Amino acid sequence: MIHPKEHYFNIFQVDALTLEKLVQEALCSGGSYCDLYFENTTYGSLLLRDGAVTSGGNHIDFGVGVRVLSGEKTGYAYSESTSWADMLACARAASQIAGKPVDVSPYGTRNPSRGEPNPAADRYPVNRPWRGVPLSDFLPFLQKLEASVRQKDNRIVKVIANLAFQVSDILMYNSFRELKWDTRPLSSVSLSVIFQQNGQTENKSTSRSFRKGADMLSDALIEEMAAEVVRGIDERFAARRPKGGRMSVVMGAGASGILLHEAMGHAFEADFNRKGTSVFADRMGQQICPKGIQIIDDGTLSGNRGALNFDDEGIPGQKTYMVEDGVLTSYLHDRISAAHYGVRPTGNGRRESFRYAPLPRMRATYMESGQAKAEDLVAAVSKGVFVDEFSNGQVQIGEGDFTFYVKSGFLIENGRLTQPVKDINIIGNGPAALADIRGVADDLTVDPGAWTCGKEQSVPVSCGIPTVLIGNLIVGGE
């Protein structure tokens, strides 16, 4: 949602002259570049546990962050007030931290972005706003969701349904006189269910998260989530921990993209490469996986959790090909890393809130579809596992080594899915896994779940992948 700029000036009690004056004050005693980031966020949440509302509420976060850059030094300060005195103190503190100006490449002149935001290009569809609606109006949706779930399986003993939303008014200005404004909705519905059968307990969760208005709370969403959370529960009860070892792994379309995000995507973020800590720091322009593979980070998917009209430095959201035809062609840049490499920013400068300086971060990270059929990839494996639901994982950015916990999957024996499996780890190395991709199916799915990425600070992201066959990974089992 993009309102006229006066809407944002009124919220933060500033005008164009005040913004320019504040930037100039911030550069008086230090720094070569300055930007301002104003934020006004309304949060709301409602939690239903076994039919009873156990928590809920609204709150507002408000303030401004001032960043001053001087070469490799960053000065950052924030204020929870936008009075002139408080903003001035904030600007002077950031300036003193950054130190004296140095002769550096400008942080953005290679990608000038001085045009006004275009409401017709807004990527956040809102037909029913979140703000101004009593939380009690959303309760029937959660109650109907719980009732629908309970009707689908008599083994259910507990249902937790949660709605969370936020709406953020953002105003950005910098020393290149680039002025940007935006109103970003973000909402998620999560569902956690516990099942019991013959003394055995299993749990399953699902979520949906979008940059949309309250009109996302539909009967179709209820049916979709209720069906998904009970799907495959028979296999969960029948699943066993298999014998481990090295074997082929087929990653199911959709949520398996979290492995792509963690094991490869972070290593493509430019700050890690600029500092030489990424395993891909010296591999730009090299073939890192088989021909035909494209890996993308995308801020242009309308309504997607990772969508951005502008990143948190005022750079327009865009679609960035990190890998083209198997060749590493781009890192993910903020203004600092783009200036370092002499390239354009890719719209990946993101921050958790006005209290944080931006960093290169992912948005929606996925691999494009290939030419194979998913069933043919399974049929090509004589011994391996099919995995489709991951939990937590660990990644070493410098070495590229990763470990992921798999919540559900199947053994593959002689080209067929056989015994359901659970409680296994997938262990490998990011560059080696990319190079060992044996097939990519034509079924790309960008997962709609409530993914959040933590890298010093938390930001909403999404991930996706088609069904992919990797020739050789370590499967940790019995």
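# A tour of ring contacts and helix packing

Select Arg211 and Tyr124: Arg211 lies over the face of the Tyr124 ring, 5.6 Å from the ring centre. The model on screen is a predicted one. Next, move to Lys212 and Phe210, where the charged end of the lysine is placed over the phenylalanine ring at 4.6 Å from its centre.

**Aromatic pairs**

Now display the side chains of Phe, Tyr and Trp. Across the whole structure, a search finds 11 aromatic pairs. Select Tyr78 and Phe354: the ring centres are 5.8 Å apart and the planes meet at 75 degrees, so this pair is edge-to-face, the cut-off being over 60 degrees. Colour by secondary structure to see where the two rings come from. Tyr78 belongs to strand β3 (residues 73-79), while Phe354 is in the loop between β11 (349-350) and β12 (359-360), so the pair ties together parts that are 276 residues apart in sequence.

Are these two residues buried or exposed? Tyr78 has a relative accessibility of 40% and counts as partly exposed. Phe354, with a relative accessible area of 0%, is buried.

Go on to Phe402 and Phe404, an aromatic pair with 5.9 Å from centre to centre and 55 degrees between the planes, which is tilted. Phe402 is buried at 1% relative accessibility, and Phe404 is buried with a relative accessible area of 1%.

Then select Phe12, Phe38 and Phe62. Ring pairs link these three phenylalanines into a cluster.

**Two helices in contact**

Look along the line between the axes: α4 passes α5 in a right-handed crossing.

Which residues make the contact? To see the α4 side, select Phe141, Lys144, Leu145, Ser148 and Val149. On α5, select Asp219, Leu221, Ile222, Glu223, Met225, Ala226, Val229 and Val230.

**A covered helix**

The last stop is helix α7 (residues 257-265). How many of its nine residues are buried? Eight are, and the helix is mostly covered. To display the buried set, select Gly257, Ile258, Leu259, Leu260, His261, Ala263, Met264 and Gly265.

Definitions and conventions. Residues numbered from 1 in each chain as written. Predicted model: local features only at pLDDT ≥ 70, side-chain atom pairs only at ≥ 80, totals over all residues. Heavy atoms only, no water. Phe/Tyr/Trp six-rings, centres within 6.5 Å; stacked < 30°, edge-to-face > 60°. Helix = DSSP H or I, 4+ residues; strand = E, 2+ residues; numbered from the N terminus. Buried < 20%, exposed > 50% of the residue type's maximum accessible area, 1.4 Å probe, protein only. Lys NZ or Arg CZ within 6 Å of the ring centre and 35° of its normal. Left-handed = near helix turned anticlockwise from the far one by under 90°. Contact = heavy atoms within 4.5 Å.
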